[in-house]
Amino acid sequence: MSKLGLRSRLLLSHLIVMIVGLSTLVMVGKLYSPRLFLLHLRQMEGRGINLSVVRYQLVEGFEYAWTQGAWWSVLIGGGTASGLSYLTARWIVRPLLQMERVTREFSTGNLQARLPESEIPELARLANSFNHMAVNLEGVEQRRRELIGDLTHELRTPLTVLQGYLEGLADGTIDPSSDIYQRLARETTRLKRLVDDMQELSKAEAGYLPINLQPIDLPPLLASMIAKFSDQILDNGPELRLDCPSDLPQALADPERVEQILVNLIGNGLRYTAEGSVTVSAWSEPSWIWIAIADTGLGISPEELPHIFERFWRSDRSRSRDSGGTGIGLAITSRLVELQGGEIQVESKLNQGSTFRFSLPLA
Ligand code: ADP
């Protein structure tokens, strides 16, 4: 019984119901019909009709007719009900078999496989959730492929440079000098930064970064960040300013993640601004706090702006200046802002400067 398929089970249950129904009908009919018939005959006799001669034949005839009728009814009714029950069982089981086929196809790698609509509401809901899951998984798979593609592309350049120098050093075509070793060290640092950034990004994209939301006071946090960066600015570098009201309401955020966002945005502002200033400002709105980092640097062209938060994206100018960047910082930053429930925006004018601003919910 435990090995019986759903179709057989449905058919069997229909048949059992039908057999019980028909047997009850036949038994009750068999028991009551002759009695009722006799009663009817007696009533006729009571009205003065003499049936004593034909009484026996009448009863026998009735019983014969009743049995014949019952048999035919059982035969035709049973046959029709069995046929209908077979069709119903098939109608219910067919979409399930189709679902099984599609899920198997999906698991063997055809991520475009989707379940068709079903007329049965429960199955339609199941198909809907499966298709929803399939779209998500397809997205994850596509992002994974893109990530590997981007990563191998980004790793190739520093690895080729390293390989070239090391081979040259090995066969004596390049003279070992501190300059060469410094270049090798620079490329290795770049590789290490790339790997670190990648690890952070993959965690942020997969949503594995622990986010510890708590009410935080932003003014002291912003002031300490400004102090940290001011120490690193060269004499002829841009000026770093803070414009933040001291009575700013608390934000609901993770202080470590906010710091990470600020390091990325202030770091970029300073890196891409040769002279002028980088200003960090903060203000509150009814349910949000906004923090903006505005620089007077290189700026980003309108055609480059939509790509700015894509991972590994770097403008051609920042590539040619070899800023040492990996193009991952802003991808991580935007994910960190989203994970804390906020939003990030950018405005920029080429050669005039850029403003990145992000929001955090009020505590
Ligand atoms: P990177 O590590 O290369 O700085 P990001 O993701 O932080 O990576 O930035 C991606 C690219 O966006 C940078 O390479 C640069 O071209 C551009 N960019 C980011 N911030 C600024 C800015 N403040 N001014 C001008 N360009 C910027």
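**A helix pair up close**

Modeller: On the α4 side, the contact uses Asp 197, Glu 200, Leu 201, Ala 204 and Glu 205. They meet Ala 331, Ile 332, Arg 335 and Leu 339 of α8. Contact here means heavy atoms within 4.5 Å. The contact residues of α4 and α8 split into five nonpolar, no polar and four charged. Nonpolar covers Ala, Val, Leu, Ile, Met, Phe, Trp, Tyr, Cys and Pro; charged covers Asp, Glu, Lys and Arg; the others, Gly among them, count as polar.

A word on the source. This is a predicted model, where local features need pLDDT of at least 70 and side-chain atom pairs count only at pLDDT 80 or more, while totals for chains, interfaces and linings use all residues. Residues are numbered from 1 along each chain as its sequence is written, and side-chain values use heavy atoms, with hydrogens and water left out.

Now the geometry. Helix α4 spans residues 178-206 and helix α8 spans residues 329-339. Helices (H or I, at least four residues) and strands (E, at least two) are DSSP runs, numbered from the N terminus. The axes of α4 and α8 lie 9 Å apart, at an angle of about 30°. That angle makes α4 roughly parallel to α8. Axes are lines fitted to C-alpha atoms, for helices over the stretch in contact, with angles from 0 to 180 degrees between N-to-C directions. Under 35 degrees is roughly parallel, over 145 roughly antiparallel, 65 to 115 roughly perpendicular, and the rest oblique. The crossing of α4 and α8 is left-handed. Left-handed means the near helix is turned anticlockwise from the far one by less than a right angle; clockwise is right-handed.

Next, α5 (residues 218-232) and α6 (residues 255-271). Their axes come within 11 Å and cross at roughly 40°. α5 and α6 are therefore oblique to each other. Their crossing is right-handed. Among the residues in contact are Leu 222 and Phe 229 of α5 and Val 258 and Leu 262 of α6. The contact of α5 with α6 has eleven nonpolar residues, one polar and two charged.

Then α2 (residues 55-107) and α3 (residues 121-171). Their axes come within 12 Å and cross at roughly 10°. α2 and α3 are therefore roughly parallel. Their contact includes Leu 96 and Phe 106 of α2 and Phe 130 of α3. It has twelve nonpolar residues, one polar and no charged.

Last, the strands. Five strands form an open sheet in the order β2-β4-β5-β7-β6, with mixed pairing. Edge strands β2 (239-243) and β6 (344-349) each have a single partner, so one side of each lacks a neighbour in the sheet. Two strands pair if DSSP finds at least two bridges between them. β4 (residues 277-284) and β5 (residues 288-295) pair in the antiparallel sense over seven bridges. Ser 281 stands opposite Ala 292 in β5.
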